[in-house]
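Please read the following note alongside the sequence and the model. It is arranged as numbered points for a reader who is new to protein structures.

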Amino acid sequence: MASRKEVADLAGVSEATVSRVLNGVGPIKEETRRKVLEASEQLGYVPSALARSFARSKSGNLGVVLPYVPKAHLFSAYFFSEMLSGIGSKARDSGMDLLVMFRTPGEVMNYKDLFRRQKVDACIILGARDDYGELDALQQLQQEGHPFCIMNQHFGGESFMEVDADHVEGSRLAIRHLTDQGYRNIAFLNGPDSYSNSLERLQGVQIGLNEAGMNLDSSLLLEGNYGRRSGVEAAATIAARLDEIDAVFAANDRMAIGVMHGLRERGIKVQDFPAFVGYDDSDAAEMAVPPLSSVRVPFYEMGELAASKLIHGSLGAKASSVNTEVTSETARQLLPTELIIRASSIRN
């Protein structure tokens, strides 16, 4: 059986255009419509009944909401680029387009308006914050029955659809790796506590220290914004206490590499660095000097899963008039993390 991609290639259009023509969605030029229909007939392509059933009268867009992070270039961040790639892959396979939207600083996103104006059929939300305005907006969205999925954020007591990684276990593994080698004064550079994954990383750090018979020293708890520059700034504190700090765990690779750069700027040689463990296992981790140990997070797979749950779950079930109620038992799905050990954290 021919695929939508083969029809698109033969007609010289995108897969999304093929989907819109065959499902009668949106304005389409007559010439484009004719090419798609001729290619479809020539190849014997028949779209699935499920795709037909929910595509009509829909926008064909899967919305993705990105956070506002001061002084951070989101599309250059491994975290966002990988998740967007995973989301985009599933959307493309389903003949949907991505509509990427950015939050406005200091304002709560008007999610309901996206659906009311038929801009999106479903929405994936990245960078939601744990505050009253955000929670209220999401609760209203759920009450109206709009399909959405939250990534990398958890709202306790709610039954929102969520996809995330096991950050508690990932952070515990990082700390145990350091304590097992005898490191005792471990500085932890975390992100803002308005993000649940920051709190989960902190919980994992505390568990790892407790397993080693240690307690968290609050004076070694530092806060950045997940951007490289905040790591450079944190290097000032770490450099001033190098005589006692023997290891650094950062909540992402960008901040860890920022600390390394900050130490170099202060004339500290690599051989005099404390041990380092980052988080995300981005491409930059392997290229760092020294190569950075890091907790691997399956961001691409998280993006695929979130999109799939919406496209083939909520949207597909809606088209088939199936009950799509999300319960607290099935709402949140965590993917496993893995510690990748490199030279930065190995005691010589």
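The points below move from the overall fold to individual residues.

1. **Basis of the note.** This is a predicted model, in which local features need pLDDT of at least 70 and side-chain atom pairs count only at pLDDT 80 or more, while totals for chains, interfaces and linings use all residues. Residues are numbered from 1 along each chain as its sequence is written, and side-chain values use heavy atoms, with hydrogens and water left out.

2. **Overall composition.** The protein has 13 helices and 12 strands. Helices (H or I, at least four residues) and strands (E, at least two) are DSSP runs, numbered from the N terminus. Of its 348 residues, 51% count as buried; buried means under 20% relative accessible area, exposed means over 50%, and partly exposed lies in between (1.4 Å probe, protein chains only). The accessible surface comes to about 16,000 Å², and 48% of this belongs to carbon and sulfur atoms. Such areas come from the Shrake-Rupley method with a 1.4 Å probe, and for residues only the protein chains shown count as cover.

3. **Contacts along the chain.** A contact means heavy atoms within 4.5 Å. Among contacts in the protein with a separation of 6 or more, 75% are between residues 24 or more positions apart.

4. **Nonpolar cores.** A nonpolar core is a set of buried Ala, Val, Leu, Ile, Met, Phe, Trp, Tyr and Cys residues joined through side-chain atoms within 4.5 Å. The largest has 69 residues, and those with the most contacts inside it are Leu62, Ile124, Met151, Phe249 and Met302. A second, separate core of 17 residues includes Val65, Tyr111, Val120 and Ile150. Not counting residues up to four places away in sequence, Met302 touches Met83, Met151, Asn152, Val163, Asp164, Ala165, Val297 and Leu335.

5. **An enclosed helix.** Helix H2 (residues 15-23) is largely enclosed by the rest of the structure, because 7 of its 9 residues are buried. The buried residues in H2 are Glu15, Ala16, Val18, Ser19, Val21, Leu22 and Asn23.

6. **Salt bridges within and between elements.** A salt bridge is a side-chain nitrogen of Lys or Arg within 4 Å of a carboxyl oxygen of Asp or Glu. The whole structure holds 17 of them. One joins Arg33 and Glu30 (3.3 Å, N to O); both lie in helix H3 (residues 30-43), 3 residues apart, about one turn of the helix. Arg33 is partly exposed at 38% relative accessible area, and Glu30 is exposed at 53%. Another joins Lys112 and Glu144 (3.8 Å, N to O). This pair links distant parts of the chain, 32 residues apart, with Lys112 in helix H6 (residues 111-116) and Glu144 in the loop between helix H7 (132-143) and strand E4 (148-151).

7. Which residue forms a salt bridge with Arg296? The partner is Asp281, and the closest N and O atoms are 2.7 Å apart. Asp281 lies in the loop between E9 and H12 and Arg296 in strand E10, so the pair ties together parts that are 15 residues apart in sequence. Asp281 is buried at 7% relative accessible area, whereas Arg296 is partly exposed at 37%. Leaving aside neighbours within four places in sequence, Arg342 is in contact with residues including Asp281, Pro291 and Arg296.

8. **Backbone points to inspect.** The peptide bond between Val289 and Pro290 is cis, with omega about -5°; Pro290 lies in the loop between helix H12 (283-287) and strand E10 (293-296). Tyr226 is not a glycine, yet its phi is positive, about 75°. Asp280, in strand E9 (residues 275-280), also has a positive phi, near 120°. Tyr226 is buried at 17% relative accessibility, and Asp280 is buried at 7%.

9. **Cysteines.** How many disulfides are counted? The count is 0, a disulfide being a pair of cysteine sulfur atoms within 2.5 Å. The sulfur of Cys123 is 9.8 Å from the closest cysteine sulfur, in Cys149, which is too far for a bond. Cys123 is buried, at 0% relative accessible area, and Cys149 also counts as buried, at 0%.
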